[in-house]
Amino acid sequence: MTLSVFDIFKTGIGPSSSHTVGPMWAGHRFVNELRDKGIINSVSSVRVGLYGSLALTGIGHGTDKATILGLAGYQPDLIDPDEADRVFEEVKNSGKLLFGGEKEMAFNYDSQMVFHMGETLPEHPNAMRIYASDQNGIVVYYKTYFSIGGGFIVCADGLNPNHESQQDQGPSVPYSFANAEELVQLCKDNELTIAELMYANELALHDCSREDIDTRLDNIWSVMDACVERGLTQRGTMPVSGMKRRAADIHEKLVAHPEAMLSDHFAIMDWVTLFAMSVNEENACGGRVVTAPTNGAAGVIPAVISYYKRFLKGANQQGIRDFLLTSAAIGTLYKMNASISGAEVGCQGEVGVACSMASAGLAAVKGGTIDQIENAAEIGMEHHLGMTCDPINGLVQVPCIERNSMGAIKSITASRIALRGDGEHEVSLDSVIETMYRTGMDIQAKYRETSQGGLALYAHKHKVAC
């Protein structure tokens, strides 16, 4: 399976790629499948069943809203976040759904959006079923979808026993790799950087020019950067929890005392922390973000690129492109050989993978060798192994927002450690990826995005609001 950088980095809305972006695509795909089969006009009602983590934390993650929006014909990369809230509330209050954006039908939220609490389908912890019925109540079509992380959606027959999607290989690429060892060796044999190798593959995948790839990369960074900037200005509270947004206040204090940079050698860390917090507060509020590789981990890479852009000498636009390409190559390794789903392997598969990706990207733009870059990626994950996903009240707020800030700081540290060495190290990136996946399988289900264990359980027992 060959993945594109634009499979890893996708524009969507918060708060979750697997619970929001993926289900919206599922709803949208369901409508298109009905059109393709020529039966959409015979459909009079739809019903949605959510299972596993999608049921247990679906309300907090906006899974219900996202699915309805998808069924109404909206796409996560195009919809206005403010419009999303309006449409969802209108459907709930009116009891009517404009199916596929063209056919009005009755939709009773309480009876047609079903949360199957405590029921998990065996194939994957993020599962949903959508049923379409005719005017007599007879089901004319139904489909089971799995949201496997990062906004990726596959249907029931698209998973193999290891929970990986079975997709068409697509166009052949000049430098196909299945693991980190192959990636490193290809770069050495062909005297290429990881970014150069990815450029060559992207050109083959999309049959376009280098300028076209650059334009798309620049657009990805533009969305990330805009998210950082917007988060620095927004005040108020976050949905459901009523938690106060902190990024704007912190930004105001840092700007008010620029002299602190001269006396406090760690002041730059405050800025990196702020950049990540800014993105993830936007994500928590349903804003426009880029999956990197997921929404829950969307703040790490923008924060580290912002650090590169603002604080490192020689930073430029091509460096940002190389950062994205390098980090995406690392992200594909986790997607192909492990998981980026918090519901499947815990937060090590989200913030941990984002840290590993950012560590490699930063090492690359700072002139690291192929071995140093691979080492940086390995270090970034090694120190996230075993991290659980235990969001309080099922919201992508606590501990998720601060966890992104910590992941960004770790990325910078990992790259610096790797660049101080010669690239030789004890544990390979492939080994740590396999270890992450095996560790995720060993983590009890209650610690994998169910809000039934860890910090979430503590908050429930002690009646702590987010």
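Reader: Which residues have the most contacts inside the largest nonpolar core?

Author: They are Phe9 and Tyr334, in a core of 100 residues. A nonpolar core is a set of buried Ala, Val, Leu, Ile, Met, Phe, Trp, Tyr and Cys residues joined through side-chain atoms within 4.5 Å. Buried means under 20% relative accessible area, exposed over 50%, and partly exposed in between, with a 1.4 Å probe and protein chains only. This is a predicted model: local features need pLDDT of at least 70 and side-chain atom pairs count only at pLDDT 80 or more, while totals for chains, interfaces and linings use all residues. Residues are numbered from 1 along each chain as its sequence is written, and side-chain values use heavy atoms, leaving out hydrogens and water.

Reader: How do you know that this core lies between domain 1 and domain 2?

Author: Domain 1 (15-158) and domain 2 (180-447) both contribute residues to this core, so it lies between them. The bounds come from an automatic or database domain assignment. Helix H15 (residues 317-337) gives the core its largest share, 10 residues. Helices (H or I, at least four residues) and strands (E, at least two) are DSSP runs, numbered from the N terminus.

Reader: What is tyrosine 334 in contact with, beyond its neighbours within four places in sequence?

Author: Contact means heavy atoms within 4.5 Å. Among the partners of tyrosine 334 are Ile340, Val353, Met381, Leu429 and Met436. Apart from this core lies another, of 37 residues, which include Ile13, Ile79, Leu97 and Phe115.

Reader: Why is the pair of phenylalanine 30 and tyrosine 141 called tilted?

Author: Rings of Phe, Tyr and Trp (its six-membered ring) pair if their centres lie within 6.5 Å; planes under 30 degrees apart are stacked, over 60 edge-to-face, and the rest tilted. Here the centres are 5.6 Å apart and the planes are at 35°, so the pair is tilted. Phenylalanine 30 belongs to helix H2 (residues 17-37) and tyrosine 141 to strand S7 (residues 139-147), 111 residues apart. Both phenylalanine 30 and tyrosine 141 are buried.

Reader: What makes tryptophan 271 and phenylalanine 275 a tilted pair?

Author: Their ring centres are 5.9 Å apart and their planes are at 45°, so this pair is tilted too. Tryptophan 271 and phenylalanine 275 are four residues apart in helix H13 (residues 267-284), which means about one helical turn separates them.

Reader: How do you know that the charged end of lysine 10 sits over the ring of phenylalanine 152?

Author: A charge sits over a ring if NZ of Lys or CZ of Arg is within 6 Å of the ring centre and within 35 degrees of the ring normal. For lysine 10, the distance to the ring centre of phenylalanine 152 is 3.9 Å. Arginine 129 lies over the face of tyrosine 51, at 5.5 Å from the ring centre.
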